[in-house]
Amino acid sequence: MDCLFCKIIAGEIPSTKIYENEWVYAFADIDPKAPFHAIIVPKKHIVSAADITAENSGLIAKIFEAVAQIAREQNLEKGFRVVNNCGEEGGQTVSHIHFHLLARRNLAWPPG
């Protein structure tokens, strides 16, 4: 499989690790959109949110457990945003489900 995020998880492509456990890997975005910008991925390859099933949805819960842990570790008590892009028109550029954790600036709505 030629998946960028699978290669990052495997250590084949370097990344700045923010968090890791048995199910989840989080790393610093190389093109940050906020002073704190992490990419959080399940270690198991799932293409997108459109591919979440009863069999793999537990991994998505692990992602959000990691979000809460990272927020505590990074002192993001003022707030943060979690974003998932799904599919080409949804802005997904890597075909491995991932979540952006953005913080340390005012994140207006709707996003620009």
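Trp109 counts as exposed because its relative accessibility is 67%; exposed means over 50% relative accessible area, with a 1.4 Å probe and protein chains only. Trp109 lies in the segment after β5 (99–103). This is a predicted model, in which local features need pLDDT of at least 70, side-chain atom pairs count only at pLDDT 80 or more, and totals for chains, interfaces and linings use all residues. Residues are numbered from 1 along each chain as its sequence is written, and side-chain values use heavy atoms, with hydrogens and water left out.

Strands here are DSSP runs of E with at least two residues, and helices are runs of H or I with at least four, numbered from the N terminus. Five strands form an open sheet in the order β1-β2-β3-β5-β4, with antiparallel pairing; two strands pair if DSSP finds at least two bridges between them. At the edges are β1 (17–20) and β4 (80–83), each pairing on one side only. Between β4 and β5 there are four bridges, in the antiparallel sense. Val83 stands opposite His100 in β5.

The largest pocket holds about 350 Å³ of space. A pocket is an open set of points on a 1 Å grid over the protein atoms alone, where a 1.4 Å probe fits, with protein on both sides within 12 Å along at least five of seven lines; lining residues have an atom within 4 Å of a point. The volume is the space filled by probe spheres set on the points, which are joined across faces, edges and corners. Of its 19 lining residues, Leu4, Phe5, Asp29, Ile30 and Ile39 lie nearest the centre. The largest share of the lining, three residues, comes from α1.

Definitions and conventions
Buried means under 20% relative accessible area, exposed over 50%, partly exposed in between (1.4 Å probe, protein chains only).
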